[in-house]
Amino acid sequence: MKTRWPNAFAVLLKLEQAGYQAYVVGGAVRDHLLGLPIKDIDIATDAPPEEVMGLFTKTFATGIEHGTVTVVENGEAIEVTTFRVESQYVNHRRPEEVTFVRNLKDDLARRDYTINAMALSYRDELIDCFGGREDLLNQKIRAVGLAKERFEEDALRILRGIRLAAQLRFQIDGTTWEAMLATSHLLQHIAKERIKQEVGRVWTFSNPEYALNSLRNPCFHNVLPGNYQVLPVKVQPSLTEQHGWAWFHYFQTAHYEFPYSNVEKRLQAEVKKAMVKFQEVGWTYETILDTSDAALEVCFELLGSTTNFQSLDAMKQWVTKSPLRYSSDLEVSGKQLMQLVKRPPGPWIKEVNLELSKRILYGELQNDYSELEKWVKKHVQ
């Protein structure tokens, strides 16, 4: 571990030298055993949070009421959390209170899935109390202890398990899946922002269908915002989560409340508008006029093989050859139009801009001020 995770090693060693237990836990252990890149390292210890803060030079009390302190070691932020057990959960999401304990197994027992409930010492000794390594070998997502209890404590774990299965391409254990369905109604208590965050990651997975196939189950209908049952099979990733949500929204026929950003809402509206043009007329330089690259990318994903392009890159290359991408790129402005024909502002400016844009796209005009000026003086009264 010293060469693999030098900063985490230094934190573990310092805690142990101070007389405490300390281990890397959670996703970092799982991904290390799978040979995957490690994003974040979490450490669990029996040292109280105040002691952790006293041992290290630079710390932040990021969640001290739950025992979490962020230690900055050589520029790397590492979360260090005191071993704990949790009381009754509030609204099937947050524990009412936590109690610090000295036993690692008690801490691991409160975690969601066996593959996330392993610990690794600075000597690279694996502590696996619940069969997580075997589940990794068998490519299985299995809840720690009684699955139904885990989901009643925190219903978001249901979506996390579905997302994790899709991310790793694992199968969900039968008993765990049955418990997910039996407690699916509890997702109504989860903030839509957290649901969006968990499901949103699925859109960029290599094969989102692994998760969508589970989310189409009738037990999730009327529990999750939107309707997953109307979604077609999706075996290709979206370019971004924003693209994925636009893809999802396109198929929604009933109103639903979801915390989309304004940028996401604009893209979704733009996609629906563009799809009407593409389905009626097809892909032409006129139909893509004033449509953003992001919207075109989502439309291409929606239309797939029905387009004339063999790939997304081929479509993008075709777009770059358009004589005019946006009407705002016209070499004559609205102010100049008013000066040329000596008319006050009004809807006519937009109509003239549209006509000029069409003639440029049809090859009848060049996007050159002098040429546009001549046409305007001749045809606009």
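**Group meeting: where domain 1 meets domain 2**

Okay, let's start at the interface of domain 1 and domain 2, where the rule finds 2 salt bridges, a salt bridge being a side-chain nitrogen of Lys or Arg within 4 Å of a carboxyl oxygen of Asp or Glu. Quick caveat: this is a predicted model, with local features needing pLDDT of at least 70 and side-chain atom pairs counting only at pLDDT 80 or more, while totals for chains, interfaces and linings use all residues. Residues are numbered from 1 along each chain as its sequence is written, and side-chain values use heavy atoms, leaving out hydrogens and water.

So, the layout. We've got domain 1 (1–138), domain 2 (139–227), domain 3 (262–321) and domain 4 (334–379), with bounds from an automatic or database domain assignment. Between domain 1 and domain 2, the C-alpha centres are 24 Å apart. Domain 1 puts 24 residues into the contact and domain 2 puts in 27, contact meaning heavy atoms within 4.5 Å.

How much area do domain 1 and domain 2 bury between them? About 2100 Å², with 52% of it on carbon and sulfur atoms; that's accessible area (1.4 Å probe) lost on putting the two parts together, summed over both.

Now, which elements supply the domain 1 side? At least two residues each come from α2 (27–34), α4 (104–109) and α5 (132–137), helices here being DSSP runs of H or I, at least four residues, and strands being E runs of at least two. The top contributor is α5, with 3 residues.

Elsewhere, the whole structure has 23 salt bridges. Take Glu-16 and Arg-123: their closest N and O atoms are 3.3 Å apart. That pair joins distant parts of the chain, 107 residues apart, with Glu-16 in helix α1 (residues 6–17) and Arg-123 in the loop between β10 (118–120) and β11 (126–128). Arg-160 also forms a salt bridge with Asp-112, again with 3.3 Å between the closest N and O atoms.
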